[in-house]
Amino acid sequence: LREHEEFTKVKNIATIELGRYEIETWYFSPFPPEYNDGLKLYFCEFCLNFMKRKEQLQRHMRKCDLKHPPGDEIYRSGTLSMFEVDGKKNKVYGQNLCYLAKLFLDHKTLYYDVDLFLFYVLCECDDRGCHMVGYFSKEKHSEESYNLACILTLPPYQRKGYGKFLIAFSYELSKKEGKVGTPERPLSDLGLLSYRGYWTRVLLDILKKHKGNISIKELSDMTAIKAEDILTTLQSLELIQYRKGQHVICADPKVLDRHLKAAGRGGLEVDVSKLIWTPYK
Ligand code: ACO
Ligand code: ZN
């Protein structure tokens, strides 16, 4: 609790400028001390370097030649692109992204070594460049089968389906790896809501189409969602009964329809045919 208070107590940066947005921050972030005295920070939207004065940013923009995150474009569909940035090859970018993200993440400590992470940065692209919408990070090697460490949709882009897209993307990567995955804990309230929504939709879609019995293991193999997450999701929807020492999924079509309606629909789907990626080795 003490640690939590320390991190949430003093919000050091009140607003940031990023691309065409001015964004109010939510939480403390451990910027180097010389950046802490101003109320506002100016970010280069492409390399994520940050500055204390507008004139510094303007000067920077004249010489910064990046127009997208540094790294490989691994997905493109319409104006939406995903870039994979290796924290080891782009250390400063990884650190800048962590500083930026911490402004909107409460109980995450982001002081790990960026070397150990890959950053998946989602962008909306136009003729001026690729503008970051959000991102998630992923450990190169996770002992705990985490397929996502931190997820963020920048506030101006929130509640438009990008969060669901990022979550779906993280599971598509897990499927390509042939592994099940789960997000690192703890989840924030918004994180939990988004995951619950994603898990519910994916699982109910399958249950609706599937004829006959299906086990949690089979659902996990199909979706790369960890069995525990499937169990808690179906339990919260009251679709699980415990019979003779076994969990049994009871998928009454009427009940499924009711839950599916409540879960809503998201427009942004991941088109797997447009993902060009091989797992990190
Ligand atoms: N109020 C109520 N429900 C919400 C809200 C909100 N403000 N935001 C998201 N939701 C729920 C809704 O159920 C929504 O589905 P719906 O729109 O169909 O009803 C669902 O979450 C997902 O909405 P998206 O638009 O796809 O998600 P968004 O792009 O807003 O991103 C995210 C969600 C990433 C959690 C965002 O809120 C965010 O960046 N929050 C700050 C950082 C954070 O808390 N990250 C998660 C930490 S946990 C971790 O990193 C492992
Ligand atoms: Zn720059």
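Author: Two strands pair if DSSP finds at least two bridges between them; strands (E, at least two residues) and helices (H or I, at least four) are DSSP runs, numbered from the N terminus. The model is predicted, so local features need pLDDT of at least 70 and side-chain atom pairs pLDDT 80 or more, while totals for chains, interfaces and linings use all residues. Residues are numbered from 1 along each chain as its sequence is written, with chains lettered from A and ligands numbered from 1 in the order in which they are written.

Strand 7 has two pairing partners to describe. With strand 6, residues 80–86, the pairing is antiparallel and runs over seven bridges. Within that pairing, tyrosine 120 of strand 7 faces glutamate 84. With strand 8, residues 129–139, strand 7 again pairs in the antiparallel sense, here over ten bridges. Phenylalanine 119 has serine 137 of strand 8 as its bridge partner. Strands 7 and 8 together form a hairpin, and two residues separate them.

Tyrosine 280, from a later segment of the chain, also touches this region. Its place is after helix 8, residues 253–263. Setting aside residues up to four places away in sequence, tyrosine 280 is in contact (C-beta atoms, placed from the backbone, within 7 Å) with Leu118 and Lys140. Tyrosine 280 counts as partly exposed because it has 13 C-beta neighbours inside 10 Å. Between the C-alpha atoms of tyrosine 280 and arginine 159 there is a separation of 31 Å, and the two residues lie 121 positions apart along the chain.

Another paired region lies earlier in the chain. There, four strands make an open sheet with mixed pairing, in the order 2-1-3-4. Its edges are strand 2 (21–24) and strand 4 (50–51), each of which pairs on one side only. Strand 1, residues 15–18, is joined to strand 3, residues 40–43, by four bridges in the parallel sense. In that pairing, lysine 40 of strand 3 stands opposite threonine 15.

The UniProt record (unreviewed entry) places the feature "active site" at Glu184; such positions are given in the numbering used here, with shortened feature names, and annotations may be inferred rather than shown by experiment. Glutamate 184 sits in the loop that connects strand 11 (182–183) to helix 5 (189–209). With 18 C-beta neighbours inside 10 Å, glutamate 184 is classed as partly exposed. Its contacts, leaving aside neighbours within four places in sequence, are Tyr146, Leu148 and Ala149.

On the helix 6 side the contact involves Ile216, Lys217, Leu219 and Ser220, which meet Ala227, Ile230 and Leu231 of helix 7.

Note on methods. Buried ≥ 20, exposed ≤ 12 C-beta atoms within 10 Å, placed from the backbone. Contact = placed C-beta atoms within 7 Å.
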